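This report describes the strand arrangement and the helix packing of the structure shown below.

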Amino acid sequence: MSLRTLNAKDATDLDKDLMSVGAFSLDQLMELAGLSVSQAVYQVHPPEKGKRVLVAVGPGNNGGDGLVAARHLWHYGYQPTIFYPKQSKNELYQRLSEQLKNLGVPFTDDFEGALKDTDHVVDSIFGFSFSGEVREPFAAVITAMENTKVPVTAVDAPSSWSIEDGPPSSGPGAKFNPENLISLTAPKPLVSHFKGRHFVGGRFLPPSVAQKYNLDMPEYKGVEQIVELPAGQNTKTQEV
C-alpha cells in the first residue's frame, strides 16, 4: 500500500476546508489527531515496554496534538511527563494543559533530565508549517532526541525537518531520524527520507475533501484510527 503525499500549502488549505465545508472545529481536529498519535505510541511501545512517556510540546497545533495524546496515554495506563517551555496563552491550549494537570500529569522544565528517566519520547514540537532556523530551547531538545537511545515517535514530521526536503543539511536535526512517525491526515513529502515505522492517522477525512486533494483513503481496521504503512511502500508522488 502506498499513499500520495500532501505538501505544506495543500495541508494548510485542507485544514481550512475541514473547518469550513467539513464543519470541524479546531478542537475536534486536534482531538482526533492526538487520539491517532496515542494509538501509534501504543502500537510501537505498549505499556509493558515501559510506562514513562516524555512528550515534547511545541507552541503551535503540533504541540496541541501532543497534549491531547498525553491525556489519552494517561488513560491507557502510561505515566506521561510534559515538556512545554513556550506555553500558549490561547484558551484552547490552556484547557488542554489544565486537563493534564487535573490528572496529576507532571510538567518539567528540564528535558534532558527527564529524558534520562523515560521509556519513550513523543516529538510534537514542530509540524508541517515549520520553516526557518530552530531556536532555543528547542535546538537543544532536538539535539538530545537526535542523540538519545530512547525511542522517539514524531508527530507529522520529525522536528527541524523541512516538509518538502526532509532533514536539514547541518545543525540540530541533521542526523535526527526517529524510530516512528505518525503522519496526520496524509503523509508529507519528507517521508521519502524517513527510515522507521510509519503510520497514517486520518480516519475523519470526508471523501469529498480527499478527492479534492487527490488523496488515497487507507483501509482502517475495526475501531483503529491509524494504519501502518509497510516498509519501502510509504508514499507516491502527488500529482494534482
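## A buried strand

Five of the five residues of β5 are buried, so this strand is largely enclosed by the rest of the structure. Buried means under 20% relative accessible area, with exposed over 50% and partly exposed in between (1.4 Å probe, protein chains only). Strands (E, at least two residues) and helices (H or I, at least four residues) are DSSP runs, numbered from the N terminus. Cover is present on both faces of β5: His120, Val122 and Ser124 are buried on one side, and Val121 and Asp123 are buried on the other.

The model is predicted: local features need pLDDT of at least 70, side-chain atom pairs count only at pLDDT 80 or more, and totals for chains, interfaces and linings use all residues. Residues are numbered from 1 along each chain as its sequence is written, and side-chain values use heavy atoms, with hydrogens and water left out.

## The sheet

β5 belongs to an open sheet of eight strands with mixed pairing, in the order β4-β3-β2-β5-β6-β7-β8-β9. Its edge strands, β4 (107–108) and β9 (227–229), each pair on one side only. Two strands pair if DSSP finds at least two bridges between them.

β5 pairs with β2 in the parallel sense over five bridges, and valine 122 of β5 is the bridge partner of valine 55. With β6, β5 pairs in the parallel sense over three bridges; here the partner of valine 122 is threonine 153 in β6. Strand β6 (residues 152–155) in turn pairs with strand β7 (residues 180–184), again in the parallel sense over three bridges. Valine 155 has isoleucine 182 in β7 as its bridge partner.

## Helices on the sheet

Helix α2 (residues 26–44) packs on the sheet and touches β5 (120–124), β6, β7 and β8 (197–201). Contact means heavy atoms within 4.5 Å. The direction of α2 makes about 155 degrees with that of β7. Axes are lines fitted to C-alpha atoms, for helices over the stretch in contact, and angles run from 0 to 180 degrees between N-to-C directions.

Helix α3 (residues 61–76) also packs on the sheet, touching β2 (52–57), β3 (79–83), β5, β6 and β7. Its direction makes about 160 degrees with that of β2.

## The α2 and α4 contact

Helix α4 (residues 91–102) packs against α2 at an angle of about 40 degrees, with the axes 11 Å apart. Leu26, Asp27 and Met30 in α2 meet Leu92, Tyr93, Arg95 and Leu96 in α4.
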